[in-house]
Amino acid sequence: MTALTLLPFFPLFSFLILIIFSKRLNWQLATVIALSGVGLSFLASVLLINDLYAVSQSSDISAGVRESLWTWFMLGEHEVQVAFFLDPLSAVMIAVVTGVGWLIHGFAAAYMREDENYSRFMAYMNLFICAMLILVLADNLVLLYLGWEGVGLCSFLLIGFWYQEPGNAIAARKAFIVTRIGDTLLALGLFYLFLETNTLNIQEILAQQDSSPLSSEAAWWIALLLLGGAVGKSAQLPLHTWLPDAMAGPTPVSALIHAATMVTAGVYLIARMQGVYLQAPDILNLVAWTGSLTLLIAGIAALAQEDIKRVLAYSTMSQIGYMMLGLGAGANVAAITHLMTHAFFKALLFLTAGAIILAAHHQQNIFHMGGLLKRMPLISILFVIGIAALIAFPGTSGFVSKEAIIGQLWQSPTAGPAFWWMAILGAFITSLYSFRLVFITFFGQYRGQHELHPQRHFLLLVPLCMLAVLAILGGYIPTNLEQVFVAVDAPDSQSPSWLHSVAIGLPLVAIVVAYVIYFPRANATEPVPGKGSLYRFSRNGLGFDATYDALLVKPFVKLAKLNRHDAIDLLVQLISWNAFTWNSAAKAIQSGRLRWYAATLGIGTIILLLGVML
Amino acid sequence: MILTNIIAILMLVALVSLIIGSKFSRSLPYLAAGSVVLCFFLLARFASNNHDIFHQAMPLLSVPWITSLGIDYATFIDSLSFILVALTLILALVCILVSVNEIQHHHNFYYFNLLTALAGIIGVFAAADLFLFFFFWEVMLLPMTALIAIWGHENRRYAAIKFFIFTQVSSLLMLVAIIIMAFIHQQQFGEISFNYFDWQRLNLSMPLQYWLMLGFFIAFAVKLPSFPFHTWLPDAHTQAPTAGSVLLAGVLLKTGAYGLMRFVLPLFEQATVEFAPIAIALGVISIIYGAVMAFAQSDFKRLVAYSSISHMGFVTLALFSFSSIAYHGAIVTIVAHGLSSAALFSMAGILYQRLHTRELSKMGGLFASAPRMGGMLLVFVAAAFGMPGLLNFVGEFMTLTGTFASHPVATVLAATAMIGSAIYGMYLFQGSFQGKPHAGVQIADLLAHEWLLCGLLFALLLYLGLFPQSLLMHFEAIYPAANITVTGGKL
Amino acid sequence: MIDIPITHVFMISALLFCVGFIGVLARRNTLFMLMSLEVMLNAVGLAFVGAGSLWQEADGQIMFILILTLAAAEVAIGLALLIRMQHQRHNVDVDGLSQLRG
Amino acid sequence: MKLAQFIAIAPELILSLAIVMQLLLIALKRSQHGIAFFTMSAILLALFAHYPAMTQVNSAVTPLIYVDVFSLTLKVLILSCTLVAVWVSYGYLRSAVEFHDEYYVLLLLAVLGANILVLANHFAAVFLGFELLSLSLVGMIGYLHLRQHTLEAGFKYLILSATASSIMLLGMAFVYGATGELSLAYQVPGQQNLRLLGQAGLVLIMVGFSFKLSLVPFHTWTPDVYQGAPMPVTLLLATVSKAAMFAILVKFWLVSAIFNNETLQVLLLSIAIASMLLGNLLALTQKNIKRLLAYSSIAHMGYLIIVLAIQSQQSVAWALKSGVFYILVYILATLILMIYLAGRSKAHGVHDQDDWRDWQGMIWRRPAHGACLILALLSLAGIPLTAGFIGKFYLFTVAIENQLWGAIAALIIGSGIGLYYYLSIIFCILAKPPVTQCQTVAVSGGSFTISHTTVMAMLTVIIIALGVFPDILASQLMFQSEQIPIIFNEAALKSEW
Amino acid sequence: MNIDWVFYFAALVAFIASIKVVTSANAIHALLYLVVSLLAVAFCFYLLGAPFAAGLEVIVYAGAILVLFVFAVMMFDLQGDNQPVLFQQSWLATWFGPLILTLTLAMLLAYILVTGATDSHIEVGVVSAKQVGIALYGPYLLAVEIASFLLLAGLLAGYHFAKSTSEGEHR
């Protein structure tokens, strides 16, 4: 057993302990167990990544480390194994998952301290880490699918952690089912992939693309189906509607699952299967479109949100849109880097938001906050650091990764100038909503009903500070990702020289715009012009939910409930009705009248005689 | 001898419990459980002694029975039978465990029925003579019907009659087909025979073969149950006592699948190929229809019952796609569904004992008072909607992978059930255990014996889900009827 | 003595038979039912005797004699039942006998 | 007549003698027990007389009677049923003051008629047996003068049976006119000369047989008479009468190979199918167990006569075996139910205890009885483990061998409908017992004794045994087709005489 | 000389008399018509060459059986319908159905007889009482015995029914 094989099982182990002894553990013990599970994983992944560097430094080949545990099942001749594979891409992922995960665990320990089901919560979190690690380490797509479903289930459990609120349960169910649609598409993609390549091992598939690539039609379908999986998990158009609702979960959950790790699984999947996507440029283009549209729509929606977490959720969608756009444009390294940095700063944002919410007695409406800069200065500064990274303020980690993505768009064969403009516009909107949030939340007067009670537990603050550091410096962490990805050779056309300065400048312009628009309203308890229908429209996520509800959910429910008593059963009832009707008809024969009986004798005789004659 | 011994032991214990049981009703569960465990032990010993021979059918006992018609009492065993018999015995234990507190009256007759039903089911899996097969096929019905009719819920008589008439009428069709086969054997080989192995030599002309196949298929489709023959199942499952539901869903439905695998596919190769499009369509409709209907239900057990229809649709789909992967998938699905639906029905029974209702609208928020039960329910629901790591996923995945090659459209349609199952699964779990608890609803968490049965089922689902090869390694890698050329796909 | 087609004999007997049958069907008085039965049996006897003559065998007449026996026994039982009916119900209307039904 | 011939019909001679002796006995000393005991011993003696009679199989005794294995088998069956009937009657009729001498005489007369019917090889014998059976039964159906329904039932049976037998006689006359032959083996030169007249005659004869077998559309009397008759007489009607009529129908059908005539074959099948469907349909909602048994007997007789619709000479033996097995099984199950009913009822009751809703929860209060009744019902429904299934299985084999798909379809549909009402009764027996205790009061009026239970249990054991090991009986039922005198050798007959 | 017409005449008499039996309102009238019908049929028997049967018809049927009827009717006052059924309001209802049914039956039988029977004529010849006697006590010996039992059954049943009536009266 090496560290690689053990890696996902540390959190699993701690999960088991926590779930079995759940109520019997006190806070300290549970915290130690939960943190040590993830912490051991983190240590192991640091160790592993070190080794990986050592290997990759010594040789040029982009070989990863593979550990096989057992054969899961056979698909014909192909063995589906439970095996883990570590290469720079998964190395980034496990580092993010365990590292950020660990920090969030720490925060969560403080955040959820009062909850009576604390250890169950930590158990779910640990289980999530385990599933996520399996997802990113999976050597084959079936195992990846296991992790994929596992994180979905954990997400369900954690969103609905406070299950007694009906709204939370609904949100959890929605999240699960919407992502499940994507999962199903992913599964179909796997079936098609297996049909074409006769294997589901990722490395084998990728290796095959060099020797005997997929036919373009197959690649088109497979890439499309995998994209379907990715948009489901990563909350991209058109399966994005679950993510804002998923904010019903405890804030650390939002930070861990719905910002840092799980939602980026789709990005990971597409990056992982880059070999397949290269065979289907159309779909790469579609990926770019998906990303760009999502980032715009999510940004617009974020502009109108009143709930601090929903703003962040839309922002997450938007940022993942950037990653998708990057992948679609062939900027894989940048996209994955953005994934990593996004994990840092978005986790930071969510956690600081969590700290605010905790202090504000679970008040999440930004119009009932305000003036927090004075009352919670440390938290506010940390939050602004996160925001800075989010809008790619120069010098932050977000700047590094986002600029890298935007920089490659203009020339990309699968993207192009249009996408560049969309990305820039997205960046502009990002700044706008970010600073709307900042101004309304931190400036002006405090407008909440209850007095603030800032928590000062060290577990609350230490992770925040560390994340803040990462949010600033995380962009410079070396990743070695170039080894993994096939470089997309860009055409030689020169991109205009003003691109870069516009990209950097526009977000800063947006800050000014936001100042002009929103700062005066920093004292408002209502979003003033917000009574307009446009505002409502964008607050409701541009009507996607309503459309789906009217077109899909309602008809389905109605149809199902309509047929609740099973129309087919009517057939059976028809038969039995028939029998009983004939029974009562036949009973008329048995009238008890002797003369009629004699007549039946005559009738019978006549019938028989007729039968003879014919 | 081994299967005969098991049947004999079960019958004997059944009789004993009937006769002396009225005085010792407390100890009856122990007696029954003891006999089941003994049988399981015998089976395990037999399996370990004869490890290598399961690939081929291994004839066991054969004694002349009805000489004038060439009917023998003949049994045999192969991997398929073995797995199903083992599954039956495991679920038998589950049945006994769920019955401990539930059955309040006439214990002796109850355990008599339970054990004879088990004996009948094992007989079905053991029979090598088609007459014997039919005999057991019907014998298992009787005690099952009695279980529903006596210990069932409010609408039990309707359900029992419906169940019985459905299966009986359809099986008469099969009986006709069986007799015709025997006569054909007489025509071709001079002597009348009901022996399965003799029949494999038969040379059947096409339209005739098709009709015969249909006779068998309808009987098995009713048992399976496949759309549109499914309507007995929701009623029977809902009204049966918990053990009855467990037995019905866990094993009785599997006899239909077993029949398809054992008789329909190998004996009527040409006809099945010709029939495959219809069967696949029925399978897909069952899958989707079952899932949609499950969502529409508000009765816990009815919901699970419809989900069974959906799951067994996968078996039909798998078997008629003639792909070895899908065939293995069907085997896995059979076992998986046996365990998971048994588990869900047990949960329903456990809940019913505490709440005296099966209505989801009257549950809700139970997680607060019974978190362990909720956890277990979640696991079983997860199994039902195909959570990877649990056995059902492997079955579904293999089925769909195998089917995709030859029937992509059907596979895509069937895959929508993965969404559907998530919908009804969530609906079930959240409806019962999440949400606001009803005022004053406090239920006791799992008791020791309930823990035992839930744990047993969960452990099996998990173990087999992670190591499904331990099931599948006993099966040949190729599909039994792989020599048929199937158009439009590679295996 | 005579020379007629056997068909005619059968025809006559069939006609008589039908007349008797109509009596059984139409009359509510049980006494008339019994009499109609006699007519029917008599018609059958005619058929047997005619057929016996056709083949010049005694069997036809013997069958007639046996039918005669039957008629006697039947009348005895029938009349006894009638008497009982008269006592019990004070009428002999056959439509009164329709309590057993369904 | 030679001694051998006397031996061949020894059972019938014994019965005749017994009838005379009964009359003497009545004249000498009237006793409730004595006459019943005497009747039983006479029947037993007649049963034993079958041993010597076995040595004389395949011999004609005057042109009227032909003794073969088939007839002997059915006679044994009939006499056994009668034995049960006498024993049941004894308990049923026993009372403080009345003597029931006539009853037992009539009973023996009926059995004598049935036996003659079974042995008959000549229209005269058919007709006499038929009438002897009918008239004696009329006497017994209307036997209980205090009950209102008996009169109605007796009168219905009398009139309808007389009408039916007139029709049958007309048919015999037609056949006689067409062929000049009164023997069942009428078609000496083959069936080509069997013109329309002959066919019509055969059909009219079939009307008579169908009436007695209560086949649709000649079934109408069955439920009323079953319900109105005293319970032991219903038992006779359902067992002895049916078995005898089945036997004579088989002979009638096979001796002259009518099955070669396609028209009649089709007619027979239509009757069979109509009976299966209508009989079961009528029984569907019936709550009176006697009526229900009547309706189910209509259906069962419909099933049974499938065996006659054979296509060729080779199938005869198998068809006969199946038919005999089936009717035996049917009789066994019916006996169990009727013994129970008879035991629960009493002659001086206003009516018999024949509402099956009274049976609610019986299994819990009287498990042995409940179990017997359930198994009997299952046997009637044709469920495995019981002999009824084997019987149905045999019928299926016959139907399939002769490719009677329509009949098979009707058999399946009929069974499906039949299951409904059999199961309803079974579930009623299995239901929770009613709270009121009025049932026990009503029951206490019955004549139930431990011997009833014993006999029911024994019959149930036989049903189960035959259901599991049918060979113990089926291998004994070997009818070679030669044993039915297919083409009667007239010359041999004449010399014999 | 052809005396076939005598046969047909007798048959016609029997037919009309039978119709009168069935339709007449008065039981005694009906019985008398029945006697006429039986006598006419007896004459037919005679013409068909069956003198023995004709004799029995007169003696047993018309003589014995009908006397039984008359006795029963007279002694137990079995008059039956108080109103002449024929002229009741429900004449149509009573007779229409049976008439249609029976006419159909008659036509069917007629058709079958016309098309299906042998066209052989009855030969002139008498089957004498002696022949009948020989056959009766030869091959039909058992039939005679059984017939006696048949009569016994009739006797017993009749006796029982009649007896039970009187007993029933007393209770």
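Angles under 35 degrees count as roughly parallel, over 145 as roughly antiparallel, 65 to 115 as roughly perpendicular and the rest as oblique. This is a predicted model, in which local features need pLDDT of at least 70 and side-chain atom pairs count only at pLDDT 80 or more, while totals for chains, interfaces and linings use all residues. Residues are numbered from 1 along each chain as its sequence is written, and chains are lettered from A and ligands numbered from 1 in the order in which they are written.

**Exercise 1. Work out how α15 and α17 of chain B pack and which residues meet.**

Step 1. Locate the helices: α15(B) covers residues 371-384 and α17(B) residues 408-433. Helices here are DSSP runs (H or I, at least four residues) and strands likewise (E, at least two), numbered from the N terminus.

Step 2. Take the geometry: the axes are 9 Å apart, at an angle of about 170 degrees. Axes are lines fitted to C-alpha atoms, for helices over the stretch in contact, and angles run from 0 to 180 degrees between N-to-C directions. The two helices are therefore roughly antiparallel to each other.

Step 3. List the partners, where contact means C-beta atoms, placed from the backbone, within 7 Å. From α15(B) come Gly374(B), Leu377(B), Leu378(B), Val381(B) and Ala384(B), which meet Ser421(B), Gly425(B), Leu428(B), Phe429(B), Ser432(B) and Phe433(B) of α17(B).

Step 4. Sort them by class: seven are nonpolar, four polar and none charged. Here Ala, Val, Leu, Ile, Met, Phe, Trp, Tyr, Cys and Pro count as nonpolar, Asp, Glu, Lys and Arg as charged, and the others, Gly among them, as polar.

**Exercise 2. Describe the side of chain A that touches chain D.**

Step 1. Count the residues: 21 of chain A are in contact with 28 of chain D.

Step 2. Find the helices: α25 (567-587) and α26 (594-613) of chain A each supply at least two residues of this side. The most comes from α26(A), with twelve residues.

Step 3. Classify: this side of chain A has 13 nonpolar, seven polar and one charged residues.

**Exercise 3. Summarise the fold of chain E.**

Step 1. Chain E has six helices and zero strands.

Step 2. Of its 171 residues, 42% count as buried (20 or more other C-beta atoms, placed from the backbone, within 10 Å of the residue's own; exposed is 12 or fewer, partly exposed in between).

Key. Two residues are in contact if their C-beta atoms, placed from the backbone, lie within 7 Å.
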